[in-house]
Structure formats: structure tokens, C-alpha cells
Amino acid sequence: PTYTTPLTTQIGRAHGISMRTFLTQLIFLLSLLLLEVESNHAPLDYEFSKSLHAKYNLYWNKPTDGEICMAVEVETLGWVGLGFSPNGGMVDSDIMMAWVIDGEVSITDRFAVSMSLPVLDDEQDFELVDGYEEDGKTIIQFCRNLLTCNEDDVELKLGAVNVIYSWNDDDPNPIPSQHTTRGVKNLKLIGAVREIPAALDNTTRVDITIGNVSIPNSKSTVYWCRTVRFNQPPTKHHIVKIGVHITPRNVDYVHHLLIYNCPTTFPELDGDCDSASSPIRQSGALSACTGSLLSGWAVGAGDFNLPLQAGIPF
């Protein structure tokens with residue numbers, strides 16, 4: 001305040017206008033500036049969201065009338081891509097590619113016939129809702145029918161689907177150049193259930209970890225079993241949430257997890273329990289637990305949430 005008043009006074013006098021007139025004009029100017037930066041775009045208000053990458057977020061709603069609406073938010077000012085793959089790869093994928101150049105949005109429906117630029121579909125089934133660049137990000141909102149009756153499109157139905165994503169920091173010139181980043185996530189888009197976070201009060205988090213496990217080159221599948229013991233709490237508790245955290249570099253290798261409730265006499269296990277020659281398999285110890293499955297997780301699933309008033313007794 002010490003420096004602002006003299007400076008403002010000098011500016012007002014220099015132009016030969018009164019301070020009241022000057023301040024009125026200044027406030028009016030600031031109001032115009034605020035109106036100019038106000039966003040006219042639809043907000044990213046969706047039922048579900050998933051981070052596909054540190055720089056790539058996906059949003060979607062439950063389908064209505066056979067149509068699903070989605071949005072991607074990517075830290076890039078180039079083109080962005082999202083696709084649905086029958087096998088997790090690029091070939092035979094149904095792909096949306098979009099970009100914003102000088103405020104003009106382009107969205108294309110494409111089909112990948114090889115490991116090259118996906119070709120344009122004869123039928124464009126991605127309907128643009130909104131698209132813009134903001135704060136170094138490209139945001140594209142669109143809708144698509146679950147079943148398009150187009151042989152080059154992937155039908156979206158109940159269960160998990162392989163969602164592929166990609167982007168390039170450059171805009172098409174004139175066609176999109178090869179992606180600089182790509183990846184795949186197995187997600188349950190149709191039939192997804194919104195996660196209900198467990199109450200933070202009166203809850204305790206327990207972490208169960210598996211140490212470093214090496215996968216032999218000679219094996220395509222490894223089952224690893226480990227015994228974890230818990231001290232019985234003095235009062236009755238309920239398990240209200242079971243979540244899975246996988247080290248990012250291992251997400252391509254972990255397929256599913258099973259948690260069993262075993263008797264207190266169960267032996268200590270920490271090793272390969274799949275091969276017929278493994279000591280764990282030969283001991284027959286697993287038969288004592290196989291009928292008491294507590295929880296399970298597989299690729300595409302999220303956290304397992306239970307109502308706070310009806311958890312699993314522990």
C-alpha cells in the first residue's frame with residue numbers, strides 16, 4: 001500500500017483525469033479481463049475417472065440409451081489418441097485421434113490395420129462434445145454408441161476392455177506423426193462401480209507385501225504363495241476395503257491375486273506354489289484354505305469396497 005497510492009496518483013494526474021474516474025476505468029478494465037478468461041467449456045464432471053499415465057487422465061459416465069460419453073485430459077499441446085483393442089495391441093483397434101489447432105478442434109474415428117497411422121473409418125462414430133487447450137493440456141470430450149454396427153469398430157460391452165492410449169507433443173502437419181508415448185490399461189468401462197472410500201476415523205490400514213519375486217525365463221506363469229499372520233484385535237473389527245497396489249514396472253506381469261482365510265495351524269509359506277515339484281504343492285497344505293476365499297483381484301478391477309455397516313468380520 002505504501003507504494004501503490006503514489007504511483008496510482010501520478011498515473012491519474014499524468015492523463016489529466018480525476019482519481020475517481022481513473023479507478024472506475026481501471027475496475028471496468030479488470031472486469032473485462034476477468035470476463036475474457038472465464039471458460040465457456042463443459043466441466044469435466046464425470047462419474048468415473050482413471051489415470052492411464054502420469055500425464056493422461058480418462059473420464060467416463062455410465063452408458064445411457066446405448067451411448068457412452070467420455071473425456072481425455074492429456075498434458076500435451078499436440079494430438080491425443082484413445083482406442084479400444086481386442087487384444088491389448090494396436091492392430092485391429094478402434095481408435096479416436098483428436099487435436100486442437102488455433103482453437104479449432106478435430107476428432108477422427110480410425111481403425112488400425114498395421115503398426116502405422118490408423119486409417120480413417122468410412123463412418124465417423126465419435127461425436128465431439130467439446131475440445132480445447134488449457135494450462136498446457138489438451139481436453140477432448142466425446143460420445144460414442146456402444147454398438148455402432150460398423151465392422152471396423154469394437155463393441156463396448158459388460159466387462160473389462162483393453163483401452164490403449166497415445167499422444168504426440170506435435171500437432172498433425174498435415175497428418176499425425178507417430179506417437180511419442182503409448183500404453184494400454186485393462187478397464188471395466190461398462191458396469192463400473194463408483195468406489196466408496198472407507199471412513200478415515202476408527203479405521204486402520206494394514207499393508208501386505210510380497211518381496212522380490214523373480215520370474216524364470218523358462219516359465220510363462222508363476223503362482224506365488226505367502227502366509228501372513230495377524231494378531232487378533234481385542235475387539236471385533238470389520239474389513240471394509242481391500243485394495244491392490246502394484247509397482248508400476250510390474251503392471252504388465254501381475255494378472256490376479258487371491259486372498260484366503262486359513263486356519264491358525266497353517267504352515268509358513270513364501271514361494272512358488274504352482275509347479276508339481278514345489279514343496280508347497282507337494283505338502284498339500286493349500287487344501288486347508290481353498291474353501292475359504294476372502295477376496296480376489298484381476299486385471300481391470302479396482303478396489304473391493306464393502307458397506308461400512310456390513311464388512312467382513314475380523
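Two strands are taken to pair if DSSP finds at least two bridges between them. In this predicted model, strands E8 and E9 run antiparallel and are joined by 7 bridges. Within this pairing, Glu-127 stands opposite Cys-143 of E9, while Leu-128 has Phe-142 of E9 as its bridge partner. The hairpin that E8 and E9 form has 2 residues between the strands, and in this hairpin Asp-135 adopts a positive phi near 55°.

The E8-E9 pair belongs to an open sheet of 5 strands, arranged in the order E1-E2-E3-E9-E8 with antiparallel pairing. Strand E1 and strand E8, the latter spanning 127-134, are the edge strands, each of them pairing on one side only. From one strand to the next, the twist averages 15°.

The largest nonpolar core comprises 30 residues, among which Leu-58, Val-72, Leu-82, Phe-84 and Leu-189 touch the most other members. At least two residues of this core are supplied by each of the strands E1 (48-53), E2 (56-60), E3 (67-74), E4 (79-85), E5 (94-101), E9 (137-145), E10 (159-168) and E11 (181-190). For Leu-82, one of the core residues that touch the most other members, the contacts beyond its neighbours within four places in sequence include Leu-52, Tyr-56, Leu-58, Met-70 and Val-72. Leu-82 is also in contact with Asp-94, Ile-95 and Met-96, with Phe-142, and with Val-163, Ile-164 and Tyr-165.

How values were computed. Residues numbered from 1 in each chain as written. Predicted model: local features only at pLDDT ≥ 70, side-chain atom pairs only at ≥ 80, totals over all residues. Heavy atoms only, no water. Core = buried A, V, L, I, M, F, W, Y, C linked by side-chain atoms within 4.5 Å. Buried < 20%, exposed > 50% of the residue type's maximum accessible area, 1.4 Å probe, protein only. Helix = DSSP H or I, 4+ residues; strand = E, 2+ residues; numbered from the N terminus. Contact = heavy atoms within 4.5 Å. Axes fitted to C-alpha atoms, helices over the stretch in contact; angles between N-to-C directions.
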